[in-house]
Amino acid sequence: MNKQLEKEIVTHAKVEEISARTVDYLKNGFPVHFTGPTGVGKTSMALHVARKLERPVVVLQGHEEMTNADLLGDFNGYTKKLLVDNYVRSVMKKEETMKESFQEGLLLEAVKNGYTLIYDEFTRSKPETNNLFLSVIEEGVLPLYGSKHEEKWVKVHEDFSIIFTSNPVEYAGVHKTQDALLDRMITMELGYMEKNAETEILQQKVDISEEDAILITNFVSALRDKCLNKGKHAPGIRAAIMIATISKQKEMERSTANEDFKQLCVDVLLHSVHKGMEYEKQSRSLSLITQEFKKAFGGNTNGK
């Protein structure tokens with residue numbers, strides 16, 4: 001899966017330019033933050049950049065319930081060791097020891113070993129949880145708060161790098177990040193890709209013809225433009241990939257004459273279009289999808 005994500009973005013010259021700059025920033029010790037709406041390829045970009053650093057990659061997914069124990073690790077049970085000494089036949093000596101078992105958290109593992117950490121959707125975690133990253137970035141140490149370790153902190157490995165990703169603050173479930181953390185990272189805003197780049201991605205990921213890739217890309221892109229004129233949410237490349245993948249697997253004719261293909265497009269796109277149109281009547285969103293569907297596939301009679 002990760003190899004495929006790399007292929008998704010490598011064909012786009014603009015993305016390669018951003019990627020090259022990002023690698024330079026990371027190699028100079030600065031964390032990078034990719035932000036933008038869903039579906040623009042933030043995680044794909046982060047994975048692509050991380051591989052260029054040629055270090056092991058750890059992906060951490062932000063969420064509301066994340067705690068220091070998730071980042072640092074925790075003691076999660078005991079290991080038992082029994083030693084039997086029967087050196088003298090008439091004397092048997094038994095020695096039993098119990099030791100707590102510690103499971104390292106992903107942040108601790110990455111910091112100690114110099115891995116590249118991708119902190120995906122980090123603004124879904126509470127700001128107080130993310131405070132640990134201030135010490136990591138600014139002071140080069142990871143405090144071991146609340147742990148039973150004898151050490152109070154761990155020095156950050158010189159090869160350690162962090163790439164953050166996030167959705168805009170207006171998205172549901174997103175916390176406002178403290179300025180102290182944002183000031184210590186280089187934030188790059190990513191937008192939707194150009195249609196020709198999305199067409200190339202679709203062809204490579206799903207292995208469909210250029211003609212069909214253009215039709216699907218134009219269809220999703222037209223709906224995206226309508227949604228963005230109305231609000232801030234819109235269908236992205238993921239929707240196009242879903243439509244292309246399923247229609248190929250089911251060998252559907254990609255035309256208005258195929259009711260199954262039309263229903264597939266509606267199922268994939270209705271929620272995101274309805275959200276993008278700021279939850280106007282669902283019939284309005286359905287009508288919009290149908291209208292653009294006819295424009296995109298009305299003249300296609302043999303696409304598969």
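Helices here are DSSP runs of H or I at least four residues long, strands are runs of E at least two long, and both are numbered from the N terminus. Keep that in mind as we walk through this predicted model, where local features need pLDDT of at least 70, side-chain atom pairs count only at pLDDT 80 or more, and totals for chains, interfaces and linings use all residues. Residues are numbered from 1 along each chain as its sequence is written, and side-chain values use heavy atoms, with hydrogens and water left out.

Let's start with the whole protein. Its secondary structure comes to 12 helices and nine strands. Of its 304 residues, 45% are buried, where buried means under 20% relative accessible area, exposed means over 50%, and partly exposed lies in between (1.4 Å probe, protein chains only). The protein exposes about 16500 Å², and carbon and sulfur atoms supply 48% of that. Now take contacts (heavy atoms within 4.5 Å). Among those between residues at least 6 apart in sequence, 71% join residues at least 24 apart.

Next, look at helix H3, residues 42–52. Eight of its 11 residues are buried, so this helix is mostly covered. Among the buried ones are Lys42, Met45, Leu47 and His48. After H3 comes Glu54, which has a positive phi, near 55°. Most residues other than glycine have a negative phi. Asp207 sits in the loop between H8 and H9 and is exposed, with 57% relative accessibility. Glu251 lies in the loop between H10 and H11 and is exposed too, at 61% relative accessibility.

Now go back to helix H8, residues 195–206, and find Thr199 there. Thr199 is buried, with 9% relative accessibility. Which residues does Thr199 touch, leaving aside its neighbours within four places in sequence? They are Glu210, Ala213, Ile214 and Thr217.

On to the helix pairs. Two packed helices are described by the angle between their axes and the distance between the axes. The axes are lines fitted to C-alpha atoms, for helices over the stretch in contact, and the angles run from 0 to 180 degrees between N-to-C directions. Helix H9 (residues 210–230) and H10 cross at roughly 145°, with their axes coming within 10 Å. That crossing is right-handed; a crossing gets that name if the near helix is turned clockwise from the far one by less than a right angle, and left-handed if anticlockwise. On the H9 side, the contact is made by Ile216, Phe219, Val220 and Arg224, while H10 brings Ile237, Ala240, Ile243 and Ala244. By class, that gives seven nonpolar, no polar and one charged. Here Ala, Val, Leu, Ile, Met, Phe, Trp, Tyr, Cys and Pro count as nonpolar, Asp, Glu, Lys and Arg as charged, and the others, Gly among them, as polar.

Helix H10 (residues 237–249) also packs with helix H11 (residues 259–276), at an angle of about 150° and with axes 10 Å apart. The two are therefore roughly antiparallel, since angles over 145 degrees count that way, while those under 35 are roughly parallel, 65 to 115 roughly perpendicular and the rest oblique. Their crossing is right-handed. Ala239, Met242, Ile243, Ile246 and Ser247 in H10 meet Phe261, Leu264, Cys265, Val268 and Leu269 in H11. Those residues divide into nine nonpolar, one polar and no charged.

Finally, find Asp267 in H11. Asp267 is exposed, with a relative accessible area of 55%.

How values were computed. Accessible areas come from the Shrake-Rupley method with a 1.4 Å probe; for residues, only the protein chains shown count as cover.
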